[in-house]
2 protein chains.
Amino acid sequence: MEKVKVAVDAMGGDNAPLEIVKGAVEAAKESAAVEVYLVGKKEVVEAELAKYEYPKERVVIVDASEVIETAEPPVIAIRQKKDSSLVKALEMVRTGECDAYVSAGSTGATLVGGQVIVGRLKGVERPPLAPLIPTENGPALLIDCGANVDARPSMLLQFAKMGSIYMENICGIKNPRVGIVNIGAEEEKGNQLVKETFPLLKNCPDINFIGSVEARDIPLGVADVIVCEAFTGNIILKMYEGVAGTLLKQIKSGLMSCTRGKIGGLLVKPVLKETLKQFDLEEYGGAPLLGLNGLVVKTHGSSKAVEIKNSVLQCVTFKEQRINEKIKEKLSVQD
Amino acid sequence: MEKVKVAVDAMGGDNAPLEIVKGAVEAAKESAAVEVYLVGKKEVVEAELAKYEYPKERVVIVDASEVIETAEPPVIAIRQKKDSSLVKALEMVRTGECDAYVSAGSTGATLVGGQVIVGRLKGVERPPLAPLIPTENGPALLIDCGANVDARPSMLLQFAKMGSIYMENICGIKNPRVGIVNIGAEEEKGNQLVKETFPLLKNCPDINFIGSVEARDIPLGVADVIVCEAFTGNIILKMYEGVAGTLLKQIKSGLMSCTRGKIGGLLVKPVLKETLKQFDLEEYGGAPLLGLNGLVVKTHGSSKAVEIKNSVLQCVTFKEQRINEKIKEKLSVQD
């Protein structure tokens, strides 16, 4: 069996290196198809690895003396820190030494590095960052939430195609429903970008376009692939976090304000926790940066071992399902 | 004492005419400064009014034979239904017969009618719709959530000034903090519109600009006036509704899934209800359409009497605080 080689940024994220190394080890143990390259300060990674039993031939340390911090300006950091775990790991994908890259580190540096180091697939105008978000009907793909705003209609059409391939092949949703984020359901509604993109999506034979999706209906799960420009995507993603977080905080403080609430609160705690979990963006693991010469997966900054493990295993499916070949195929078709 | 004359669209909204008429009557009873004009089908409004005791000289029926439905295309509806309650009520503001207009009816028709019938104040580029949204620190003004998207930087500067005047004089927040919705805190982040607007806000002496606000932090109450373009504003507003609604639905169904949850659920119900109320957009009553020759207030389609009453009373404060004079003054200043 051909191995899927994944370069993991061992130094990136709030819980690095502990949870990152642990997750990578768990992935290697769970799937014999996985070969992980833990990129980071050698002695630090070695000390972490020493805690576990693992298949030595499939867990390899790659020394990198520097670390890119979350607060650093991405472009400068990538240019200057050539021996950082992030740059070295992405280089391994560029050269083909690895198939994929997983990091819980700086989003900005991952997005920039993905584009300038790994590079775009031929025909891809812009690589979108596409996290899975929770809905009442299971996860939906929100594409694009990246750093490049002010997209053109042709880019959004590509997002729709790439997102459909991803949802069909990685999440197993046949003929995924594609919607464009809009401020009303009617075709004539929207800003200039949406109005120009709408007919492109409508006339594209490769996707199952269902029309406009209002933000209010996104949590209901009305679409599987939610297409938008990155500024809009970022707001949707952050509103999920912000509203859910504030609401639950208020419920908790409300429960603590009286005896009746305290008693009831103890009883409902397990249910609340379970509900919270279904609605937690982090549960879904990494967001792929699609359309690159390889796979780049960005997991949440606060990722624990389970998310790193899932992100690494996701790379196996990505390669096995030949996602990039399918993207190349679909994007070369003239609409 | 000079009366504040408010034209109320008696036929607009899911609960018209019952709750609309009831709310208007309550407002007239609560404040002797209020004179309400109930615009709608005479016999229908009369039948509703017959249920209440009220000051007859300050509750007047204005007959209008037609009704504009929510689903009608706004521009056509306004052009064709000259004898609709919406058009007639807005006409009363245009002619100066009334100071303000309150409706729970079609948002689109209210926005269009406000602009083309009532008309803009001199110097106002575009009238923004500015609802109050709940935050952990009390309400904040989200400006603009209207129907006109693709705004220019100079419009957003005007939104910031108008919003500041509103929050200071209507909500009593001294020196309200103004933030611009962005995808990061740094000044260099954002789309073209935000990047061009940022220096205008930063250099404006009339407002208390605090910089970029990330969507995640909006529910925390980090700013009092949240400036954005209408497409973005619409998404923020709809995500509030959507995420809160779905989350609470999931919590409820979670509680019903086991005995322990059911018992706990009964105990926590009052607290949940109270929390929900704090987070309910509808609690804050009407959203003003600012910058017009008069005041136009749009309340939620599902408004009950209490919201109509509050919206009518809000018109009194608006006139007493001379908001439009203050807007004219501030917008004529060259920055």
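View 1. Glu91(A) and Arg94(A) sit 3 residues apart, about one turn of the helix, and both belong to helix 4 (residues 85-94) of chain A. Helices here are DSSP runs of H or I with at least four residues, strands are runs of E with at least two, and both are numbered from the N terminus. The two side chains meet in a salt bridge at 2.9 Å, N to O. That term asks for a side-chain nitrogen of Lys or Arg within 4 Å of a carboxyl oxygen of Asp or Glu. Searching the whole structure turns up 30 salt bridges over all chains.

Some housekeeping before the next views. This is a predicted model, in which local features need pLDDT of at least 70 and side-chain atom pairs count only at pLDDT 80 or more, while totals for chains, interfaces and linings use all residues. Residues are numbered from 1 along each chain as its sequence is written, chains are lettered from A and ligands numbered from 1 in the order in which they are written, and side-chain values use heavy atoms, with hydrogens and water left out.

**View 2. The six-stranded sheet of chain A.** In chain A, 6 strands line up as 3-2-1-4-11-10 in an open sheet with mixed pairing; two strands pair if DSSP finds at least two bridges between them. Strand 3 (59-63) and strand 10 (287-289) of chain A are the edges, each pairing on one side only. On average, neighbouring strands of this sheet are turned by 25° against each other, direction ignored. Strand 1 (residues 4-9) and strand 2 (residues 34-40) of chain A run parallel over 6 bridges, with Ala7(A) opposite Tyr37(A) in strand 2 of chain A.

**View 3. Helices packed on that sheet.** Helix 1 (residues 18-30) of chain A touches strand 1, strand 2 and strand 3 of chain A, at about 165° to strand 2 of chain A. Contact means heavy atoms within 4.5 Å. Angles run from 0 to 180 degrees between N-to-C directions, and axes are lines fitted to C-alpha atoms, for helices over the stretch in contact. Helix 10 (residues 305-320) of chain A lies across several strands, including strand 4 (100-103) and strand 11 (295-298) of chain A, at about 145° to strand 1 of chain A.

**View 4. The five-stranded sheet of chain B.** Here 5 strands of chain B make an open, mixed sheet in the order 5-6-9-7-8. Strand 5 (132-133) and strand 8 (208-214) of chain B are the edge strands. Strand 7 (residues 177-182) of chain B runs parallel to strand 8 of chain B, joined by 6 bridges; Asn182(B) has Glu214(B) as its bridge partner in strand 8 of chain B. Helix 8 (residues 230-255) of chain B lies across strand 5, strand 6 (140-143) and strand 7 of chain B, at about 135° to strand 6 of chain B.

**View 5. Where chain A meets chain B.** Each chain puts residues into the contact: 50 from chain A and 50 from chain B. Together they bury about 4700 Å², 73% of it on carbon and sulfur atoms; buried area is the accessible area (1.4 Å probe) that two parts lose on being put together, summed over both. In chain A, Ile183(A), Phe231(A) and Met239(A) lose the most area to chain B, together 14% of what that side buries. The interface has 6 salt bridges, and Glu241(B) meets Arg216(A) in a salt bridge at 3.6 Å, N to O. On the side of chain A that touches chain B, helix 8 of chain A gives the largest share, 20 residues.
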